[in-house]
Amino acid sequence: MAGFRDADAQIRRLIAREVEREFRRIALSSPVFHKGPPYLCIRQCVLPEGLAGVMALSSYFPRESSFSAERAPANNSTPIFMAHGQGDTVLPLAMGVQARNFLKAQGYLVEWHEYPMGHAVCAAEVTDIREFLFRVLS
């Protein structure tokens, strides 16, 4: 748990630094929603207007019960790109589907992608990530 708290603090410092540099279109990515960047940005984003987008690759929600009470309204319309390998044996596809369904049920805009791969990255995913980032950061 200490590792998640340290990552949370580091991400907050990075976002604050970018805000000081007057960057307003910020997108974050993480493989896990638990206190990682996507979880942070949706529940406690430091930007009043929310983040431009979130990428969650091979992700899951280990603590759905506390998420709803902690969500930040500024992020209600933050687009979320989720991708998962159909043959992922590290984090099975069902875990990603459950996270996607949870986010959709909470009203988030989720763009879901599945790829014929394991716990990895493929060329098609990189292309889709690129398109997502161009769309949300433009």
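Author: The largest nonpolar core has 13 residues, and those with the most contacts inside it are Phe61, Phe67, Ile80, Met82, Leu103, Tyr108 and Val110. A nonpolar core here is a set of buried Ala, Val, Leu, Ile, Met, Phe, Trp, Tyr and Cys residues joined through side-chain atoms within 4.5 Å. Buried means under 20% relative accessible area, exposed means over 50%, and partly exposed is in between, using a 1.4 Å probe and protein chains only. In soluble globular proteins, nonpolar side chains tend to be buried together.

The model is predicted: local features need pLDDT of at least 70, side-chain atom pairs count only at pLDDT 80 or more, and totals for chains, interfaces and linings use all residues. Residues are numbered from 1 along each chain as its sequence is written, and side-chain values use heavy atoms, with hydrogens and water left out.

A second, separate core has nine residues, including Ala52, Met55, Phe81 and Tyr115. The element names come from DSSP runs numbered from the N terminus: helices are H or I runs of at least four residues, and strands are E runs of at least two. The protein chain has five helices and four strands, in the order α-β-α-β-α-β-α-β-α along the sequence.

Phe81, a member of the second core, also belongs to the one aromatic pair in the structure. Its partner is Phe132; the pair is tilted, with 5.4 Å centre to centre and 45 degrees between the planes. For such pairs, the rings of Phe, Tyr and Trp (its six-membered ring) must have centres within 6.5 Å; planes under 30 degrees apart count as stacked, over 60 as edge-to-face and the rest as tilted. Phe81 is in strand E3 and Phe132 in helix H5, 51 residues apart, so the pair links distant parts of the chain. Phe81 is buried at 0% relative accessibility, and Phe132 is buried at 1%.

Helix H5 (residues 123–137) also holds Arg135, and strand E4 holds Glu111, so this pair ties together parts that are 24 residues apart in sequence. Arg135 and Glu111 form a salt bridge, their closest N and O atoms being 2.3 Å apart. A salt bridge requires a side-chain nitrogen of Lys or Arg within 4 Å of a carboxyl oxygen of Asp or Glu, and the count by this rule is one. Side chains of opposite charge can pair when their charged atoms come close. Arg135 is partly exposed, at 45% relative accessible area, and Glu111 is partly exposed at 24%.

Another charged group faces a ring. The charged end of Arg100 sits over the ring of Trp112, 4.9 Å from its centre. The rule is that NZ of Lys or CZ of Arg lies within 6 Å of the ring centre and within 35 degrees of the ring normal.

Thr78, in the loop between helix H3 (64–70) and E3, counts as buried at 2% relative accessibility. Leaving aside residues up to four places away in sequence, Thr78 touches Leu51, Ala52, Gly53, Val54 and Leu109; contact means heavy atoms within 4.5 Å.

Gly85 is in strand E3 and is buried at 0% relative accessibility. Ser58 lies in the loop between E2 and H3 and is buried at 6% relative accessible area. Ser58 has a positive phi of about 50 degrees although it is not a glycine. Most residues other than glycine have a negative phi.

For the chain as a whole, buried residues make up 44% of the 138 residues. Among contacts between residues at least 6 apart in sequence, 76% join residues at least 24 apart.
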